[in-house]
Amino acid sequence: DSCGPGAGPAVRRLLSSWAVLGVMDQETVGAHSGLDAGEMEGALGSLAASGYAVSHGERMGKYLEEMVMGGMPEGERVAALARGVAVLEGARPCDEARLADLCSRLAPADPSFRERASRYCALAAERSTAALDLGRAEAMWLRVGEFSDVPGRRADALWRAMEFEMQTGRGDAAAANLAVVERIYEQAGIRLGRWRVHWMRARLDMLNRAGVSALAHLEEAERAASDSGEPEALPDVLNARAQCLMRGGRVDEAIETYRHAERLPAGAGNLAARARMLANIGYALSKKGDLDGAERSIAAGCELATELGMAADRSGMLWQLALVRYWQKRYAECVETSFEAFEGAKETSNWNMMIRALTTRSAAYEKLGKLDLSGEATMAALAISERTGMGDRLAILYNVFETHHRKQMVWLDKVVAAVETQRVHAGTHEDIRREILSPLARELELVARLVDGSGTTEQ
């Protein structure tokens, strides 16, 4: 209104489009508002002449949304939102998160927008995962379940959210969503896939180090898969059982479980399951010290996974192979294999595996005496962990410290050698002793705090 009666209508249309679209791109805003380039320039000039600063960003978007959309009559608001959906659907690149938001606002007036909101939430979740914004990805998967009226789709979305929660160690959130999935299965009479409920309970138990309870849940999962006529699920259940046994140190039983899964009719005909079993058998053999047998088995699983296009599984197998080569003291090959594992994990947005591959590469570089490269890999792992909340942050931080400490020790050795073999100024000698002893005292103080907090006297 303060821009004057001549400019007011154009300014109102411009602000309304900004509020709906959440963007200030002239082409997109023009398509929504109907303003041509000259009219848009005129509206911007009127705003500036009236003392209003125009800025891009989230804060401006929220302000416009509250002040402009909040004052629109209901019919006008719904029409503006519907136009916004049509415009954004044709824009490139597509802003799936904004489309999901607009469709969710239209859903109360037009229920047909519920499924569209659900679909765009799923697309936004995939994009957020690729961008390392895992918190947003999890929130989007939860919204998929919120807007979908198809029980199976709602359950699948919650399973996806649970995977993020498990990877970030948030068992309580995963357990709450699991209870919702179970209710969906009960209310919709869904029998297929119920084995996954017991399977997830076992994973939650393993997260909480409750091995006995986990094994009991896996027995329930095996029975549920058999009762529902889903023999193809048995390899996954037995795979989880073997992993649980491995964590309990029962390596021989784990290997026998893997072998049993491999002999199942479903397992024998399921090449993807066979690839995973070969890799897992190899990892179990490595725990028994049979590194040659482990390498052969993991390499065979990796080769089969490559043939089948199992990109997500292949990166994990390559990491296992890198570990075996590290234990075999083939450090240069370990570096190459862990690099390949990292690239594969990056392509599939497997951030946990990226962290593991970088950590293994760092350890191999250290053995090769390449401390700068070791430090770079460790810092890259820490950066991913801090952005995603994944990985054992304490272990990664210690790896960073250890890498820098080793580099310091190399130079300290040279300082001491110089003191012992060369004539040095007495004042310089005293300064160096004082400078070295001061941080050493601080290190001893921190170590004491670690030991005091450990709850054990062994250290």
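**Contacts and helix geometry**

Student: Which residues does D236 touch, not counting residues up to four places away in sequence?

Tutor: D236 touches W195, W199 and R276, where contact means heavy atoms within 4.5 Å. This is a predicted model, in which local features need pLDDT of at least 70, side-chain atom pairs count only at pLDDT 80 or more, and totals for chains, interfaces and linings use all residues. Residues are numbered from 1 along each chain as its sequence is written, and side-chain values use heavy atoms, leaving out hydrogens and water.

Student: Why is D236 called partly exposed?

Tutor: Buried means under 20% relative accessible area, exposed over 50%, and partly exposed in between (1.4 Å probe, protein chains only). D236 has 32%, so it counts as partly exposed.

Student: Why are α16 and α18 called roughly parallel?

Tutor: The axes of α16 (residues 271–287) and α18 (residues 311–327) come within 10 Å and cross at roughly 20°. Axes are lines fitted to C-alpha atoms, for helices over the stretch in contact, with angles from 0 to 180 degrees between N-to-C directions. Angles under 35 degrees count as roughly parallel, over 145 as roughly antiparallel, 65 to 115 as roughly perpendicular and the rest as oblique; α16 and α18 are therefore roughly parallel.

Student: Which residues of α16 and α18 make the contact?

Tutor: A275, R276, A279, N280, Y283 and S286 of α16 meet D313, M317, Q320, L323, V324 and W327 of α18.

Student: How do you know that the span of helix α8 agrees with its 14 residues?

Tutor: The expected span is 1.5 Å times one less than the number of residues. For α8 (residues 134–147) that gives 20 Å, and the end C-alpha atoms are 20 Å apart, so the two agree.

How values were computed
Helix = DSSP H or I, 4+ residues; strand = E, 2+ residues; numbered from the N terminus.
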